[in-house]
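Here is a short briefing to read alongside the sequence and the 3D view. Keep both open as you go through the points.

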Amino acid sequence: MAQGQLSIGANSLLKPAVVAAPPARVGLFESEAWQAFVTGIWADNPIFRQILGICSALAVTNKANNTLAMGLALTFVTGFSCLLVSLLRTITPRRVRMVTQILIIAVFVIIVDLFLKAYFFGISKEIGPFVGLIITNCLIMGRCENFASNNKPMISLLDGIGCGLGYAFLLMCVAVVREPLGTGKLFNISILGSGWTEWGIMVAPPGAFFVLGVFIWIMRGLSKDLK
Amino acid sequence: MGEVNPFIILIAAIFTNNILLANFLGMCPFVAISKQIKSAFGMGVAVTFVMTLTATLNWLVYELVLEPYNLEFLKFLVFIIVIAAAVQFVEMVIEKSSPTLYMNLGVFLPLITVNCAILGVSLLMGNREYSFIQSLAFGIGSGIGWWMAIMAMAGLRHRIQFSNVPKALQDPGITMLIAGVMAMAFQGFAGIVNI
């Protein structure tokens with residue numbers, strides 16, 4: 001009962017996934033898997049189309065280094081969670097599938113967290129709690145629930161990676177605006193010279209909202225097919 | 001962090017370090033549910049309640065179970081289970097004890113499990129090494145802060161319905177820009193207290 005409500009509640013936040021066309025023998029760029037991959041990057045881009053997972057989009061984008069780490073971490077988690085959810089889709093009881101998905105995601109997030117702590121301690125320290133928050137990033141739950149739970153494993157993996165990369169791409173777009181304007185640097189390398197007056201607001205919280213708002217505006221303006 | 005007064009943490013969590021406007025947590029429901037004042041209110045109440053509950057529960061679990069057995073790396077998994085269980089429990093209690101409240105909050109409760117502000121509070125208080133009372137204050141303060149922010153946003157969006165917003169900027173875009181202005185306003189509180 002309660003599980004059913006959970007899924008209904010979460011679904012109402014998400015747009016339905018694109019239903020894959022019936023399989024046919026076609027080249028790589030027209031194949032179903034490729035479509036799923038590209039759809040994730042552009043047509044169904046999680047941030048500006050579906051407005052999912054913006055918490056971390058705002059929080060980690062004040063430095064390009066951290067943003068890159070976050071984007072890759074998220075792509076990894078999304079891809080492999082979708083793969084595992086898809087592999088288990090036939091044996092997961094309907095009632096507990098949301099919980100199963102959250103636990104699967106949490107396991108991959110722990111892997112990423114330990115990896116960052118071991119090899120990139122500086123970055124891990126700076127984005128600290130936001131790595132853990134990948135678990136509740138609704139983007140991943142959305143993909144698992146809407147796509148991976150009714151599709152074959154390989155397609156789900158590609159769809160997950162596509163969505164993750166689409167997310168990482170937008171994160172980077174925000175970061176390459178915020179970091180130079182706020183600090184005059186990009187990837188910690190000074191690019192705007194010493195004469196640049198730093199816009200402190202860009203690396204502070206309000207800057208994140210403004211830049212993302214303008215991005216959503218531009219992206220939505222460019223997509224003609226938007227209703 | 002042992003010496004900070006819990007009351008200061010409470011105030012700081014509401015104003016200077018607002019969970020939404022300074023830490024960007026709980027953005028998804030913030031954008032999705034701030035269209036109507038009534039639903040924003042319901043969500044705010046539910047979040048505040050669950051946040052306080054889970055902050056204290058997770059503190060206890062972390063200090064009494066995870067740390068003594070060196071299982072800190074499992075905290076993500078354990079925290080999310082505690083949150084899911086708490087939400088489920090609260091839902092059952094409200095359903096049994098107050099059907100009217102359940103009717104009003106019912107839709108919002110399950111959504112809270114995936115609200116990153118809830119998990120965020122549990123993770124942040126661990127990072128800052130709060131004591132039990134401090135965590136309680138932090139949970140309540142963050143909840144109220146989030147509640148206040150979503151109510152303010154719902155009010156603003158209600159007014160903006162009558163404005164001529166460019167088509168591509170409607171809904172999420174304009175919400176972001178308003179949130180930016182709100183974040184600037186809240187930055188004005190900085191310096192009153194600090195955590």
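Which side chains meet in a salt bridge (3.1 Å, N to O)? They are the side chains of Asp113(A) and Lys117(A). The model is predicted, so to speak with its own entry rules: local features need pLDDT of at least 70, side-chain atom pairs count only at pLDDT 80 or more, and totals for chains, interfaces and linings use all residues.

- Over all chains, the structure holds one salt bridge, a term for a side-chain nitrogen of Lys or Arg within 4 Å of a carboxyl oxygen of Asp or Glu.
- Asp113(A) and Lys117(A) are four residues apart in helix H5 (residues 97–119) of chain A, so about one helical turn separates them. Helices (H or I, at least four residues) and strands (E, at least two) are DSSP runs, numbered from the N terminus.
- Asp113(A) is buried at 8% relative accessible area, while Lys117(A) is partly exposed at 41%. Buried means under 20% relative accessible area, exposed means over 50%, and partly exposed lies in between (1.4 Å probe, protein chains only).

**Chain A as a whole**

- Chain A has ten helices and two strands, and from the N terminus on its elements run α-α-α-α-α-α-α-α-β-β-α-α.
- Of the 227 residues in chain A, 55% are buried.
- Among the contacts in chain A with a separation of 6 or more, 75% are between residues 24 or more positions apart. Contact means heavy atoms within 4.5 Å.

**Where chain B meets chain A**

- The contact takes 46 residues from chain B and 46 residues from chain A.
- About 3,800 Å² is buried between the two chains, with carbon and sulfur atoms giving 83% of that area. Buried area is the accessible area (1.4 Å probe) that two parts lose on being put together, summed over both.
- Phe24(B), Phe76(B) and Met176(B) supply 18% of the area that chain B buries against chain A, more than any other three residues.
- Several helices of chain B each supply at least two residues to the side that touches chain A, including H2 (27–33), H4 (75–97) and H9 (172–187). H9(B) gives the most, with ten residues.
- By class, that side of chain B has 33 nonpolar, ten polar and three charged residues. Ala, Val, Leu, Ile, Met, Phe, Trp, Tyr, Cys and Pro count as nonpolar, Asp, Glu, Lys and Arg as charged, and the others, Gly among them, as polar.

**Residues that reach the other chain**

- Met27(B) is one of the residues with the most contacts inside the largest nonpolar core, which has 111 residues. A nonpolar core is a set of buried Ala, Val, Leu, Ile, Met, Phe, Trp, Tyr and Cys residues joined through side-chain atoms within 4.5 Å.
- Beyond its neighbours within four places in sequence, Met27(B) is in contact with residues including Ile54(A), Cys55(A), Leu58(A) and Phe209(A).
- Met184(B) lies in helix H9 of chain B and is partly exposed, with a relative accessible area of 40%. Not counting residues up to four places away in sequence, Met184(B) touches Ile201(A), Pro206(A) and Phe210(A).
- Pro129(A), in helix H6 (residues 121–132) of chain A, is buried at 12% relative accessible area. With residues up to four places away in sequence set aside, Pro129(A) touches Leu123(B), Leu124(B) and Asn127(B).
- The C-alpha atoms of Pro129(A) and Asp113(A) are separated by 9.7 Å, with the two residues 16 apart along the chain.

**Two buried polar residues**

- Ser135(B) lies in helix H8 (residues 132–160) of chain B and is buried, with a relative accessible area of 0%.
- A polar atom of the Ser135(B) side chain lies 2.9 Å from the backbone oxygen of Ser131(B).
- Leaving aside neighbours within four places in sequence, Ser135(B) is in contact with Ala55(B), Trp59(B), Met125(B) and Tyr130(B).
- Asn151(A) is found in the loop between helix H7 (138–146) and helix H8 (153–183) of chain A, and counts as buried at 16% relative accessibility.
- Not counting residues up to four places away in sequence, Asn151(A) touches Ser86(A), Arg89(A) and Ser156(A).

Key: Residues are numbered from 1 along each chain as its sequence is written. Chains are lettered from A and ligands numbered from 1 in the order in which they are written. Side-chain values use heavy atoms; hydrogens and water are left out. A polar contact is a pair of N or O atoms within 3.5 Å; within protein, one must be able to donate a hydrogen and the other to accept it, and residues adjacent in sequence count only if both atoms are side-chain atoms.
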